[in-house]
Amino acid sequence: MDEIEKSISFDGRDIRLKVGLLAPQAGGAVLIESEDTAVFVAATRAEAREGIDFLPLLVDYEERLYAAGRIPGGFLRREGRPPEKATLTSRLIDRPLRPLFPGWLRDDIQVIATTMSMDERVPPDVLAVTGASIAVLLAKIPFNGPMAAVRVGLVGDDFIINPTYKEIEEGDLDLIVAGSPDGVIMVEAGANQLPEQDMIEAIDFGYEAVRDLIQAQRDLIAELGIEIVQEEPPEVDATLENFIRDRATAQVKEILGRFEPDKNVRDAALDEVKESVKAAISGLPDEDPVKVAAAADEKALSNVFKDVTKKLMRRQVVEDGVRVDGRKLDEVRPISCRTGVLPARVHGSGLFNRGLTQVLSVATLGTPSDAQELDDLHPDEQKRYLHHYNMPPYSVGETKPVRSPGRREIGHGALAERALVPVLPSKQDFPYVIRVVSEVLSSNGSTSMGSVSGSTLALMDAGVPITKPVSGAAMGLIKEGDEVRILTDIQGIEDFLGDMDFKVAGTDTGITALQLDMKITGLPMGLIAEAINQAKPARLHILSKMMETINTPRPELSPFAPRLMTIKIDPELIGMIIGPGGKTIKGITEETGAKIDIEDDGTVTISALDGEKAKRAKGIIQGMTRKLNAGDVYAGRVTRIIPIGAFVEFLPGKEGMIHISQLADYRVGKVEDEVAIGDEVIVKVREIDNRGRINLTRLGIHPDEAAAAREAAAVK
């Protein structure tokens, strides 16, 4: 293939597409660049495996630390398990890509995106999404594309395309919009309580740029002489399919028309119908074409039965305006909330129920040293808010091995985290590291939004002073021809058999997070706007139910949460606090039982379960870093005696020496004649020598100065 380069500009920010240079044996490959960030994406197709009845698409995003001129840490000095950000980027590529492959395609498809160079201005994730579309087109895989993605930021009152990391951090919006020629196909956003109309305008603004990138891809493949592949689906013998439909349709329609609110009752009834059809097939003669076809395709019954259920459920929504559980299209399931579900040793807990979905969120407060260290290409080095999501198999009544969190769990945790970050207190106001774990105890749709609501309850129960509570709702869509219905608070069957999963989280002021995934090839902006606006009353309804349980953060932390105190010292004194080999700071920790964290800017955070221990450590550090002046008077205690004088601790952690000649206004024969270890004495700073040693005296102290020193010591 000849080397070809295309370039497209957004407000002076160029995106360069290069093909024909790298990976000649891959099905399709592209190097996509912006500024000094370069992402290489390759797509490859292999023949379908026997027995596969789904699209086996595998998407991997990989980061190489050489991209930022860094060498990995650890013993092996090479990249290991993908960091969380890489996993989220893999999902970001997969989500808009997957719906654009034909539903009948069963070939193995793998897309690998690798960040090979990165500067501090351009995030690589949206480049990888667009690069995946180009690689698939070049590999000549059947695909309803092109597809592209851009990031939208909000700086002041202006939307900008593909903002830098700094612009994202300083702005009120971080929005990713992916689209196809048919419309928007994916949205991912975090926002600082942005009003609904502003969010709609931002998505529309982003999709206009997506259209330009789609046209650039069309121009590129046209120049290469490549046509977008549109293969015909394989022919299917309809004998078995018609048999199943004839025997199942009436019974399934009757079950769905009962408007059964209990998912388990409805599923059991559908399973009975499925078993009756299976029994009917088994009773046929061995030579019957239906039985022969069923034996050749063991999964045909499940697939056709699913399709029958899907069509009947969707028709009921479109024609009758009623859902399978009897709700109206804009109706939210019954909600209940509780806090303090777990004992006080857990710093905060919240239980959120919506229909059959139940999420228990647990908040834990930690010290600054508990922050997560990030070893990836993202500029942030630490995270002080961690949100983790777990969904064990019993939550859906299944049994299977429990493994480490998968991409879905990581993605749902990240969405809930993004929804709550805008309302968290600043580090200066609340220096704790916060971890929330959302345990999905029962699942029937929208567990990620249940995690948002449950976690808000847990944070308030823990006494975290969030600025506003956050709730979330998941919106669905049924599109049959020209008929479209938007559903509020979708349950499992509506997510599974519907066309859209649109999660909207926010406060009563505005949106904090969005996540849109489509199962069709695109959605026009009008329907997106309608879904966002329809989600608002649902969010506010859920919020009102939460506020009935707890409407403000607890005024006190759990007695088992650490107590933090923060002081600021001169950064030049950090070395003195730490001491040689950490000796000084270890000594303070051992003496007081408090934990001490020091940042480069001189911020010292002291933590202990016992507040008195934290106060003691704070006093020692303040004493060590306090600027002394000659003539200052203190009340101190004798700590040790040597032949030429006595050492006095006059501030926590701060000692000086009284020379024997300064103990009294007459000649002293022995130090022990005047003072003993443990005696309280009033001393004045006589001088601080050029080696930093403090010389004290008991001479020349006015009675008023002595009284003031004793009073100050008593207060401490």
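These exercises walk through a predicted model of one protein chain.

Residues are numbered from 1 along each chain as its sequence is written, and side-chain values use heavy atoms, with hydrogens and water left out. The model being predicted, local features need pLDDT of at least 70 and side-chain atom pairs count only at pLDDT 80 or more, while totals for chains, interfaces and linings use all residues.

**Exercise 1. The whole chain**

Task: State how many helices and strands the chain has, and what share of its residues is buried.

Solution. Start with secondary structure. The chain has 16 helices and 29 strands; helices (H or I, at least four residues) and strands (E, at least two) are DSSP runs, numbered from the N terminus. Next, take the extent. The C-alpha trace spans about 120 × 60 × 50 Å along its principal axes. Then take burial. Of the 716 residues, 51% are buried. Buried means under 20% relative accessible area, exposed over 50%, partly exposed in between (1.4 Å probe, protein chains only). Finish with contacts, meaning heavy atoms within 4.5 Å. Among contacts with a separation of 6 or more, 70% are between residues 24 or more positions apart.

**Exercise 2. Strand S3 and its partners**

Task: Which residues of S3 lie on each side, and which strands pair with S3?

Solution. First, the burial count. Seven of the seven residues of S3 (residues 28–34) are buried, so the strand is largely enclosed by the rest of the structure.

Third, find the partners. Two strands pair if DSSP finds at least two bridges between them. Strand S2 (residues 13–19) pairs antiparallel with S3 over three bridges. Arg 16 stands opposite Glu 33 in S3. Strand S4 (residues 37–46) also runs antiparallel to S3, joined by seven bridges. Here Ser 34 has Thr 37 of S4 as its bridge partner. Last, the turn. The S3–S4 hairpin has two residues between the strands, and Glu 35 takes a positive phi near 55 degrees.

**Exercise 3. Val 324 and its surroundings**

Task: Where does Val 324 lie, and what does Val 324 touch?

Solution. Val 324 lies in the loop between helix H8 (300–320) and strand S11 (335–339). Check burial: Val 324 has 1% relative accessibility, so it counts as buried. Now list the contacts, not counting residues up to four places away in sequence. Val 324 touches Leu 256, Phe 259, Glu 260, Arg 266, Met 313, Gln 316, Gln 491 and Ile 493. Take Glu 260: Val 324 is 64 residues from it in sequence, but 6.6 Å away in space, C-alpha to C-alpha.
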